[in-house]
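This briefing concerns the structure shown below. It treats charged side-chain pairs, strand pairing and helix packing in turn.

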Amino acid sequence: MNSDVSIAGDPLAIPHLLPPVPQHPATVAEFAGLARTIAADRAHWAPLVQYDATSRWYARLRTGPGYEVWLLSWVPGQSSGLHDHGRSSGVLTVLQGSLTERRRHTSGVAHRTLTPGSQQVFAPEYIHEIVNDALEPAVSLHIYFPGLTEMTPYAATVEEPVRN
């Protein structure tokens with residue numbers, strides 16, 4: 001007895017009949033797009049958020065080939081401290097509230113306020129500090145590629161903004 005499979009042949013031998021292989025991000029723009037897609041799915045991430053008055057709260061949302069996605073919450077006054085991300089690059093996206101990024105420049109220090117939807121892309125050796133200077137809690141999404149294996153802390157804090 002013949003079946004439809006035997007009539008059509010082996011479906012695995014016919015690539016156009018196979019579902020497409022899921023793609024993963026490969027460029028900075030694609031990682032930023034992934035962050036925006038996750039940010040838009042509030043029903044997925046919002047119920048997971050917790051706030052901790054003693055330290056920043058974080059949870060890994062997902063992993064993919066060579067990357068990790070983290071959800072972080074920040075109560076007023078919490079800071080990451082001045083740090084880099086070792087050999088990882090990344091995309092930081094603010095989901096709720098506002099955060100201040102302070103980073104070193106050759107000409108001094110730059111401050112940038114990140115509000116919901118704001119993104120900051122960084123490469124290895126990018127030294128910065130993230131602070132919740134606001135009166136309300138904040139939530140951010142971080143994608144690291146490759147996955148985050150080290151964070152180098154720096155003793156000094158970034159204080160004075162660059163004056164133009």
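Glu-129 is buried, with a relative accessibility of 6%; buried means under 20% relative accessible area, exposed over 50%, and partly exposed in between (1.4 Å probe, protein chains only). The model is predicted: local features need pLDDT of at least 70, side-chain atom pairs count only at pLDDT 80 or more, and totals for chains, interfaces and linings use all residues. Residues are numbered from 1 along each chain as its sequence is written, and side-chain values use heavy atoms, with hydrogens and water left out.

**Salt bridges**

- The structure holds 3 salt bridges, a salt bridge being a side-chain nitrogen of Lys or Arg within 4 Å of a carboxyl oxygen of Asp or Glu.
- Glu-129 forms a salt bridge with Arg-102, at 4.0 Å from N to O. Arg-102 lies in strand β4 (residues 99–105) and Glu-129 in strand β7 (residues 128–131), so this pair ties together parts that are 27 residues apart in sequence. Helices (H or I, at least four residues) and strands (E, at least two) are DSSP runs, numbered from the N terminus.
- Arg-102 is itself buried, at 17% relative accessible area.
- Arg-102 also meets Asp-133 in a salt bridge, with an N to O distance of 2.9 Å. Asp-133 lies in the loop between β7 and β8 (138–145) and Arg-102 in β4, so the pair ties together parts that are 31 residues apart in sequence.
- Asp-133 is partly exposed, with a relative accessible area of 45%. Through shared partners, the salt bridges join Arg-102, Glu-129 and Asp-133 into one network.
- A salt bridge also links Glu-68 and Arg-60, whose closest N and O atoms are 2.8 Å apart. Glu-68 is buried at 11% relative accessible area, whereas Arg-60 is partly exposed at 48%.

**Overall composition**

- The chain contains 3 helices and 8 strands, and its pattern along the sequence is α-α-α-β-β-β-β-β-β-β-β.
- Of its 164 residues, 38% count as buried.
- The chain exposes about 9600 Å², of which carbon and sulfur atoms supply 56%; accessible areas come from the Shrake-Rupley method with a 1.4 Å probe, and for residues only the protein chains shown count as cover.
- Among contacts in the chain with a separation of 6 or more, residues 24 or more positions apart account for 73%. A contact means heavy atoms within 4.5 Å.

**Strand pairing**

- Strands of a sheet pair through backbone hydrogen bonds, either parallel or antiparallel. Two strands are taken to pair if DSSP finds at least two bridges between them.
- β4 pairs with strand β5 (residues 108–114) in the antiparallel sense over 7 bridges, and the two form a hairpin with 2 residues between them. Arg-102 has His-111 as its bridge partner in β5.
- β4 is also joined to β7 by 4 bridges, and these two strands run antiparallel. Here the bridge partner of Thr-100 in β7 is Val-131.
- An open sheet of 5 strands has the order β1-β2-β8-β3-β6, with antiparallel pairing. β1 (57–64) and β6 stand at the edges with a single partner strand each, so one side of each is left without a neighbour in the sheet.
- The twist in this sheet averages 20 degrees from one strand to the next; axes are lines fitted to C-alpha atoms, for helices over the stretch in contact, and angles run from 0 to 180 degrees between N-to-C directions.
- Within the sheet, strand β3 (residues 89–96) and β8 pair in the antiparallel sense over 7 bridges, and Gly-90 has Tyr-144 as its bridge partner in β8.

**Helix α2 on the sheet**

- α2 packs on the sheet and touches β1, β2 (67–74), β3, β6 and β8, its direction making about 145 degrees with that of β8.
- Ala-39 lies in helix α2 (residues 28–40) and is partly exposed, at 22% relative accessible area. Not counting residues up to four places away in sequence, Ala-39 touches Trp-45 and Leu-95.
- The C-alpha atoms of Ala-39 and Leu-95 are separated by 6.2 Å, although these residues are 56 apart along the chain.
- Gln-119 lies in strand β6 (residues 119–122) and is buried at 19% relative accessibility.
- A polar atom of the Gln-119 side chain lies 3.1 Å from the backbone oxygen of Ala-32. Beyond four places in sequence, the residues that Gln-119 touches include Ala-32, Ala-35 and Arg-36.

Key. A polar contact is a pair of N or O atoms within 3.5 Å; within protein, one must be able to donate a hydrogen and the other to accept it, and residues adjacent in sequence count only if both atoms are side-chain atoms.
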